[in-house]
Every structure is written in C-alpha cells, then in structure tokens.
Amino acid sequence: MTEHTHTGTASAAVSFGEFGIARTDQDGAVVLEVSGDVDTTTAPALVTAADEVLAAGPPVFVVDLTRVEFLASPGLTALLMIHRNAAAGTSVRIVASGRATLRPIQLTGLEDSLSLFPTREAALAGS
C-alpha cells in the first residue's frame, strides 16, 4: 500500500513498507531523505520521486541515504539515473557514509560518477 502524507509545499513523504522517502526544502535546496532498503522493488519509486524534484529544476538536489539499511544494484542504478536525469543547472549531491551505502558505491567504482558527501550539512554546503 502506498501512503502519501502532505504537510504543505515544503515537505511530503511516501512509504512502501520498510522503505520511505521524505522530501524537504532546505536552504534553497531540495532534499530527499531515503530510508529502509533500496532494491528491485523500491528503486523505481526513488527514481520517480527524484524525477518529480528534477522537473522543477532546483539548483541543488540532495539525496540523503543516511537512513538506508541496504543498497542493492538497482539502487545504484537509480542513483546513476538521477544524476543523468538532472538538468545542467542542477547539482545532484548524494549523502552516503555508512557501510550499507558507501561500501557498495565504492565496490562498484561509482564514487567517480557520483557527487558524494559524508553528511547532509556537507552536501548542502557543497563541501
């Protein structure tokens, strides 16, 4: 079952069981906080949510994976698609520091293709 919670234009959340995406507008950027497992069944929802954000052309788009517990290959593909789908004026920044997220990115060599940051604050600052 899909659940949509809207608390105004600044924040919205959608959950699929253990998987969830929460959107927040923060410091002129759009942040998607992802939680749970990003796998074959949930990665398409991440891409859809990201495409909705990217359609508005924000200058900074942060995908925060801090609360992700498992990042499967479809999740890695989703991150690459998000980068590819971004317009030239949008900086896509990925927050990944935990073993569940950073390790798969490093093992596949994707750290060269993704803009990675250790924290949301660092991603928002671009440093």
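These questions and answers walk through a predicted model of one protein chain.

Reader: What is the mean pLDDT of the chain, and where does pLDDT stay under 50?
Author: Across the protein chain, 87% of residues reach a pLDDT of 70 or more. The mean is 88.

Reader: Is Asp 64 buried or exposed?
Author: Asp 64 lies in strand S5, residues 60-71. Its relative accessibility is 3%. Buried means under 20%, so Asp 64 counts as buried.

Reader: Which side chain makes a polar contact with the side chain of Asp 64?
Author: Leave aside neighbours within four places in sequence. Asp 64 is then in contact with Val 31, Leu 32, Glu 33, Val 34, Val 95 and Arg 120. One of these contacts is a polar one between side chains, at 3.0 Å. The partner is Arg 120.

Reader: What is the relative accessible area of Val 62?
Author: Val 62 is also placed in strand S5. Beyond four places in sequence, Val 62 touches Val 30, Val 31, Leu 32, Arg 93, Val 95, Ala 123 and Leu 124. Val 62 is buried, and its relative accessible area is 0%.

Reader: How many Å apart in space are Val 62 and Gln 26?
Author: In sequence, Val 62 and Gln 26 are 36 residues apart. C-alpha to C-alpha, the distance in space is 9.7 Å.

Reader: What is the phi of Asp 27, and is the residue buried or exposed?
Author: Asp 27 is found in the loop between strand S3 (19-26) and strand S4 (29-38). Most residues other than glycine have a negative phi. Asp 27 has a positive phi, near 55°. Exposed means over 50%, and Asp 27 reaches 70% relative accessibility, so Asp 27 counts as exposed.

Reader: How far apart are the end C-alpha atoms of helix H2?
Author: Helix H2 covers residues 73-85, which is 13 residues. At 1.5 Å a residue, H2 should span 18 Å. The model agrees: the end C-alpha atoms are 18 Å apart.

Reader: Why are the buried residues of H2 on the same side?
Author: The buried residues in H2 are Gly 75, Leu 76, Ala 78, Leu 79 and Ile 82. They sit on the same side of H2 because they cover an arc of only 155° around the axis. In an α-helix, residues three or four places apart point the same way. The arc asked about is 155°.

Reader: Which exposed residues does the other face of H2 carry, and what do the buried residues pack against?
Author: The face turned away from the buried side carries the exposed residues Ser 73 and Arg 84. The buried residues pack against S4, helix H1 (43-55), S5, strand S6 (91-95) and helix H3 (99-107).

Note on methods: Residues are numbered from 1 along each chain as its sequence is written. This is a predicted model: local features need pLDDT of at least 70, side-chain atom pairs count only at pLDDT 80 or more; totals for chains, interfaces and linings use all residues. Side-chain values use heavy atoms; hydrogens and water are left out. Helices (H or I, at least four residues) and strands (E, at least two) are DSSP runs, numbered from the N terminus. Buried means under 20% relative accessible area, exposed over 50%, partly exposed in between (1.4 Å probe, protein chains only). A polar contact is a pair of N or O atoms within 3.5 Å; within protein, one must be able to donate a hydrogen and the other to accept it, and residues adjacent in sequence count only if both atoms are side-chain atoms. Contact means heavy atoms within 4.5 Å. pLDDT is the predictor's confidence in each residue, from 0 to 100. The expected span of a helix is 1.5 Å times one less than its number of residues. The arc is that of the directions from the helix axis to the C-beta atoms.
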